[in-house]
Amino acid sequence: MLLATSAIGCSGGEQADDHPVTTTVAAVTQPTSTTVPRCDDASTCTTRQLADAAGVTFGTAVAASHLDEADYRTTLVTTFNSVTPENELKWASIHPAPDTWDFGPADTIIEFAKQNRLQVKGHNLIWDQESIDSTPDWVLAIDDPTELRATVTDHIRTVMGHYRGAVDRWDVVNEPLQTLGNELYDNHFRQVLGDGYIAEMFTIAHKADPAARLFLNEANVELLPAKAAALVALVKALIDQGAPIDGVGIQAHLVAGTVDSAAVRSLIDDLEGLGVEVAITELDVRIITAADPLATQADTYSQALSACLDESCREVTLWGFTDRYTWIDNTFGLGRAPLPFDRDYQPKPALAAIRERLAAAAK
Ligand code: G3I
């Protein structure tokens, strides 16, 4: 058990942060070598080593509340080389009231990541949609553009400042398009700051941490060709406006047996053609009806990874890893078993498919 007090970040960018970090996390002992492992015989390598050997960032969403579980920690650090806090960095969690900041849960994840040499993706700075409690009411109550702009700027500077040097990628704006449509979502930031709010957020984020890679993250573009085209058009418009956008995240919340990998490949191709990097950011594969559900699920995971790794995409993050903890249960009902480890952290055929695809990329 480790007790650490240290100031994260403070290199380059804007004002230093005065929120010291205190965390307690049990370290998982790790092989110390930092050289890229070779996995000539994939069976001797952990999934994480396969990803490292393939030069792939292979991540998972993580919840601070589960890090006190040994199986959760061990499965995570032997399978993944990157983590994305599932909820701890969202505005409502980290900045619930104008003068109230709660860095604790995210600090716990950051400290765990440091101890286990995991990369960290920040998710997310700006996200407002009906029925989603990601942006707190005190922010949604600000209708004056100057005041909202100042509030957003302070929020982004403080959060990115606190994690500068520890978080290397950020989802700056999440789900800017309509959930099932092709237009900009009419959220509070758009209503008060106008259609240019997205480019503005990227500019503010880039100033806050010039070293961080900045992403736009979107849902359902794997399923809806018109929305995929709207995303490509939006990214092109942002680039034309001079927005400092580095990458685009495709969430990929999929249903077993339904992925159109040709459509996903062409979307990735179109986005890469604009000069941005592409990542799969929230992959899970829920089982609804399938003849051979686990084999069908495994094939869908394999197709999703191939759609990325066959292009220049080198980042795939799962939205969790054990069926014990998944947002799918609350949203689509229990028993969809969307992840590669079952509720007892036992690997499913999906994990073998993922390993096989990573091993192929490592060759
Ligand atoms: O922490 C509070 C807790 O104090 C309270 O008692 C409890 C009951 O209301 O709510 C807890 O907060 C919940 C939080 O998850 C933590 O469990 C929120 O209500 C709930 O809305 C939140 O759901 C998250 C959801 O995003 C909304 O932020 C899911 O866990 C998370 O998996 C989901 O992830 C999103 C990505 O961020 C963006 N893409 C889609 C994806 C799935 O919806």
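**How many helices and strands are there in the protein chain?**

Welcome! This is a predicted model, in which local features need pLDDT of at least 70 and side-chain atom pairs count only at pLDDT 80 or more, while totals for chains, interfaces and linings use all residues. Residues are numbered from 1 along each chain as its sequence is written, and side-chain values use heavy atoms, leaving out hydrogens and water.

Solution. Start with the rule: helices (H or I, at least four residues) and strands (E, at least two) are DSSP runs, numbered from the N terminus. By that rule, the protein chain has 13 helices and 11 strands.

**Exercise 1. Find the disulfide and describe it.**

Step 1. Look for a pair of cysteine sulfur atoms within 2.5 Å. Searching the whole structure gives 1 disulfide.

Step 2. Name the partners: Cys 308 and Cys 313 are joined, with an S to S distance of 1.9 Å.

Step 3. Check the cover. Buried means under 20% relative accessible area, exposed over 50%, and partly exposed in between (1.4 Å probe, protein chains only). Both Cys 308 and Cys 313 are buried.
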